[in-house]
Amino acid sequence: MIQVSDNPVLAGAVNGKIAFAEMIKSIPDEIVIPQPLFLDFGGVAVATASYLRESVFALKAYLRTKSSSYYPVVANANSDVWDELSVIAHAKNDAIVACELTDDGVTSNVELVGSLDPKQQMTFELVLKFDEVDANSLMEQFGEVEKTKSTTAWNNRLTGLASRGIIREYTKGRSKYYRPLLTERANGN
């Protein structure tokens with residue numbers, strides 16, 4: 001993020017919009033396999049909620065709207081930046097995955113910033129637990145407990161989580177499968 005904004009203090013909606021435009025320019029051409037797009041906040045001292053809304057969350061919405069294979073993940077945010085992310089995530093009733101990222105690409109301390117409704121939270125946790133799911137497998141295993149009679153409810157939950165950019169969506173033939181963004185478990189807050 002410092003490369004995009006050239007400043008350890010990331011503040012203001014206008015600067016966030018400028019950063020959004022710069023990030024769009026720097027995203028590589030589309031890929032086939034869905035993967036995380038790390039937004040590295042290492043070295044950033046402060047990022048205001050308005051900046052994050054116009055950059056990070058705008059980027060996430062943009063990529064999900066165009067069904068991109070990239071899923072933004074906030075990396076290496078300090079506690080102040082994390083708090084601002086949490087503020088804007090709750091204000092927007094949204095969520096984003098955050099983690100720590102090494103120079104070697106190893107992730108740790110994966111967290112979900114923001115909140116999900118109880119049904120989405122349960123479905124999100126099932127995706128984390130099984131690593132790869134589809135609506136049919138969730139219906140078979142949990143349909144009776146959840147009192148669902150078809151895969152529609154599961155499909156809607158999975159699609160909703162993917163459209164929020166917190167799980168990845170794959171297509172195998174005519175079926176859709178879903179996987180966590182990162183292999184380490186993400187805990188909601």
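Biologist: Which residue stands opposite V74 in β5?
Modeller: A98 stands opposite V74. Strands here are DSSP E runs of at least two residues, and helices are H or I runs of at least four, numbered from the N terminus. Some ground rules: residues count from 1 along each chain as its sequence is written. This model is predicted, so local features need pLDDT of at least 70 and side-chain atom pairs 80 or more, while totals for chains, interfaces and linings use all residues, and side-chain values use heavy atoms, without hydrogens and water.

Biologist: How many bridges join β2 to β4?
Modeller: Six, and the strands run parallel. DSSP must find at least two bridges for strands to pair. L37 is opposite P72 there. β4 also pairs with β5, parallel, over three bridges.

Biologist: Is β4 buried or exposed?
Modeller: Six of its six residues are buried, so β4 is largely enclosed by the rest of the structure. Buried means under 20% relative accessible area, exposed over 50%, partly exposed in between (1.4 Å probe, protein chains only).

Biologist: Which β4 residues point which way?
Modeller: Y70, P72 and V74 point one way, and Y71, V73 and A75 the other. In a regular strand, side chains alternate between the two sheet faces.

Biologist: New topic. How many residues has the largest nonpolar core?
Modeller: It has 28; V97 and F124 are among those with the most contacts inside it. Such a core is a set of buried Ala, Val, Leu, Ile, Met, Phe, Trp, Tyr and Cys residues joined through side-chain atoms within 4.5 Å.

Biologist: And which residues does a second core include?
Modeller: That separate core of 26 residues includes L10, V56, Y70 and A98.
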